[in-house]
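Here's a quick tour for anyone meeting this structure for the first time. Have a look at the model, then read on.

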Protein chains: 2
Amino acid sequence: MKIVLAQINYHIGNFLYNVEKITEAIIEAKSKKADLVIFAELAVSGYPPRDFLEFNDFIEKCNSAVNQIAKECNDIAVIIGSPTFNPAVEGKALFNSAVFINDGKIQYEYHKSLLPNYDIFDEYRYFESGKKFEIISLKGKKIAITICEDLWNIGNDPLYTINPMDELFKHKPDFIINIAASPFNYKQAEIRKSILLQNVKKYNLPLFFVNHVGAQTELLFDGGSMVINKEGEIIDELKYFEEDFKVFDTDNLKISPEKETKKQAGKIELIHDALVMGVRNYFQKLGFKKAILGLSGGIDSAVTLAIAAEALGRDNVQSILMPSEFSSNHSINDAKQLADNLKSKYDIISIEKAYKSFKNTLSLQFRNLPFGLAEENLQARIRGVVLMALSNKFGYILLNTSNKSEAAVGYGTLYGDMNGGLSVLGDVYKTEVFELARYINRDSEIIPENTITKPPSAELRPDQKDSDSLPDYYILDKILYQYIELRKGPKEIIDQGFEEHTVKKTLKLVNTNEYKRFQTPPILRVSPKAFGMGRRMPIVAKYLSR
Amino acid sequence: MKIVLAQINYHIGNFLYNVEKITEAIIEAKSKKADLVIFAELAVSGYPPRDFLEFNDFIEKCNSAVNQIAKECNDIAVIIGSPTFNPAVEGKALFNSAVFINDGKIQYEYHKSLLPNYDIFDEYRYFESGKKFEIISLKGKKIAITICEDLWNIGNDPLYTINPMDELFKHKPDFIINIAASPFNYKQAEIRKSILLQNVKKYNLPLFFVNHVGAQTELLFDGGSMVINKEGEIIDELKYFEEDFKVFDTDNLKISPEKETKKQAGKIELIHDALVMGVRNYFQKLGFKKAILGLSGGIDSAVTLAIAAEALGRDNVQSILMPSEFSSNHSINDAKQLADNLKSKYDIISIEKAYKSFKNTLSLQFRNLPFGLAEENLQARIRGVVLMALSNKFGYILLNTSNKSEAAVGYGTLYGDMNGGLSVLGDVYKTEVFELARYINRDSEIIPENTITKPPSAELRPDQKDSDSLPDYYILDKILYQYIELRKGPKEIIDQGFEEHTVKKTLKLVNTNEYKRFQTPPILRVSPKAFGMGRRMPIVAKYLSR
């Protein structure tokens, strides 16, 4: 039997587009004499459809899409993800289903049993857990269909009290199919492979895995669909960060001669590729072409520009240099040098006059009070206003350049440098931003060396350095990682050898700045725990914040 | 047996504070010779603790708090909500528990079985569903303990496949206790009573219900704890929107002579009282006293100011009038009149010079392009910068004055009038804002009549009216209600008699403005479907947005 894995970049709620992409793949599969094409979880709607699932109109459109796809399936079978209505009176209204289409008809619907509801997942918000564990037959083969999480309750710390594949295995399938929406983080591809291999080993069956690819706002899907034979060899992987389409023969599951043997991409390379895809897809799916950003001469905006130029094309990114009286000469020069290295456009717009005008406007209220945080923020906000004015006038999307370390401790100005339609580096710690810069410079110097080596500064008052207010990033990022990614408490972190004062100050900064992060742009998620939909915190709480 | 209902305004993660409040109630209950004090669901942590539940340190602090409380319980029993660890290997790590303390010891833990995971609820994110249905005994009485949602799977459209009270009923309890965290919306108190009464009727048992009171950022808890006798009479209700404490005798469950027979508050009165509590608690729990807001002469900022003055005291609210060349005389006069009526402070800060300065700063880029949206937004953003500068300098929290209709269709400027620490009216449709104004004026004119009767305008260009860009609010709000609260599709709404063009335009505006709402301040939730944590939408989707 010939099976096609179709790895597609869907667009949430864009049924016309999704059905067209799916239909094209079916037609191509037919031309390759395939017997079955497999699409990803919730392919017809795109993933995650979130609360659109609560609209009957949306579900009906999903069902129409499936019926339309079925019409293309005269000489071929299809397995495709779609939400379906739960006909039972009791329980939630929907299932997350894998629809099996054969002879132009829907012949079976398998309903996802294990519904992830942690981190960025909200599936139990919408779906009833499937409790029907039957297998399907096609061309004499018995097939166990599973959906993503259904294969993940394996290992020593099971999150669920049942294991769907154990039930399906009782029917003696010939192989396993898993359709998924397994989002990227820099650890995920490795974990995913390990989970799939554990299943192959446990059930001694070949496995066909189909994932989403592409970005849906903050969520990035890296693709990497694959086939594993029952000996536990990954016989081929589809592309990472790109659409792909491949035919496999169930009678010949040997390692493909085409399979690239290049070594696994490292963490920073993965983050880089994911961010490029994230920026590119955000603009494509919103129907925008051009980005704008403020270029300070510092490392964050430099890396953001380099990524945006790669994602959108250097001609589609407009940088704005906005010097003030506190800007150093090297900042301007470093920023210009970067734009020149990238052959990317920049304008210089001084904020000095606007700053003076605001100080004048506020002179009565500010009287003779000393320069302070209000004046620092004022400069950042004037820059924010300039960038948004240009964005409104010329149809740019403003890219936010804040990094995860800053976002964590609230080192940024709300409605100032925290502005933007999309945060490119908001899930990348400062120390990782430096690594990204080195990676971007791997072949030639794009980001000026001085930008990488000079001490970070916001340049909002004379001789300001980040280290005036914050612990050294090398220490800070380690503490943040323990608290944010690993959710360690203060005692556990201090016990690792970090200074008590620094740990307590850091945790307090994180917790008292939830109000700022509440209003930040969506952040491209590259780590196992990003700010945003995967980390939900109260604002008025008082925990570790005294 | 004498039972105390303790209705307390907890603070999330503030264990010192919560334990002190709980201990005070226990001491008072002892002085009243009570046998049992009942506290709300997750009382020790405050509700909702959200992802703090993923920190072991946080759960350990909850457990310590319970142990500390147990020490106060020598001569009295207590039922109190707390997260507890799930000792089983399989399943999620925690239970949402009602801890029964007697003789100074934890004698039983009931684990919540039905875990709400819709709208603002995320309980299945954290908790394993309890499957142990035992009852407790105290002073010869058998008591069925339930937690909030456990009693809600009653009626014709059950969301869950089991009903915990059916299981508990098999042990023949003498009465039911329900500890809850049932948040306010203007329909909730009525629905809640109906649900509790259905349970009393079904099981023919008295019911003791204890709720939270107070605001936790956007979530408002209205209290209204109550006792219902087995005849189905609500013998007494605790206060709404205030802390309360009352003793009941299980041998004498008759309607209290003290029970107020005043009629049920209407929708607008409920919204008003909820918003006042919401503003007050937000400031108290963050440790702030003073608010600032921009006063335009329009109805939204007028109602916001009136509510803030009631919540915080008129001396703690600073209004700023920021006229521009497009401001009408009546706007300034109406705004002044309102501040005078409230005896509240205001300053006038013209934005004309700052506006000119920005136009000058941007003159090269803007060349001779015609006045447009960029210039309108520029004015709103300059006002935003002025307000934030004052907020930073003097420690005010900026109150956002946008209403739900504007938030829905994106009629507002990001980083301009959409700024603020808290959105007071973001869940109140424009037509409801008018009703609120009339309610605020119920005894005397506080909000000037002209503010209520003049046509709404943003005053960002000459002779601008909201009705230039938007359907009449009377129509718009009805369409929005169908789409947002009721989740009707376009066809269903058009079938109700609304113009197809208007419906499609409105739904498109709602869906294409998710990116703006993503960055809005937390919104005090007063309706069954508020923007924010209870409504989760993708940004890059393309659904009803062509």
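Is A:Ile136 buried or exposed, and why? A:Ile136 counts as buried because it has 20 C-beta neighbours inside 10 Å; the cut-offs are 20 or more other C-beta atoms within 10 Å for buried, 12 or fewer for exposed, and partly exposed in between, with C-beta atoms placed from the backbone.

Before going further, bear in mind that this is a predicted model, where local features need pLDDT of at least 70, side-chain atom pairs count only at pLDDT 80 or more, and totals for chains, interfaces and linings use all residues. Residues are numbered from 1 along each chain as its sequence is written, while chains are lettered from A and ligands numbered from 1 in the order in which they are written.

- A:Ile136 sits in strand 6 of chain A; strands (E, at least two residues) and helices (H or I, at least four) are DSSP runs, numbered from the N terminus.
- Leaving out residues up to four places away in sequence, A:Ile136 touches A:Phe100, A:Tyr108, A:Ile143 and A:Ile145; a contact here means C-beta atoms, placed from the backbone, within 7 Å.
- A:Ser296 is 160 residues from A:Ile136 along the chain, and their C-alpha atoms are separated by 59 Å.
- A:Lys230 belongs to the loop between strand 12 and strand 13 of chain A, and it counts as partly exposed because it has 16 C-beta neighbours inside 10 Å.
- Again not counting residues up to four places away in sequence, A:Lys230 touches A:Val200, A:Asn204, A:Leu205 and A:Pro206.

**The sheet**

- In chain A, 6 strands make an open sheet with mixed pairing, in the order 6-7-8-9-12-13; strands pair if DSSP finds at least two bridges between them.
- Strand 6 (136–138) and strand 13 (234–237) of chain A are the edge strands, each pairing on one side only.
- On average, and ignoring direction, neighbouring strands of this sheet are turned by 20 degrees against each other; axes are lines fitted to C-alpha atoms, for helices over the stretch in contact, and angles run from 0 to 180 degrees between N-to-C directions.
- Strand 9 (residues 207–210) and strand 12 (residues 226–228) of chain A run antiparallel and are joined by 3 bridges.
- A:Phe209 has A:Met226 of strand 12 of chain A as its bridge partner.
- Helix 4 (residues 188–203) of chain A lies across strand 8 (175–179), strand 9 and strand 12 of chain A, at about 155 degrees to strand 9.

**Domains**

- Chain A is assigned domain 1 (2–253) and domain 2 (269–466), with bounds from an automatic or database domain assignment.
- The centres of domain 1 and domain 2 of chain A, taken over C-alpha atoms, are 40 Å apart.
- Between these domains, 10 residues of domain 1 of chain A are in contact with 9 residues of domain 2 of chain A.

**The two chains**

- Chain A and chain B each bring 79 residues to their contact.
- Helix 10 of chain A gives the largest share of the side of chain A that touches chain B, with 14 residues.
- The same surface serves both copies, as 100% of the contact residues of chain A recur in chain B.

Terms used:
Two residues are in contact if their C-beta atoms, placed from the backbone, lie within 7 Å.
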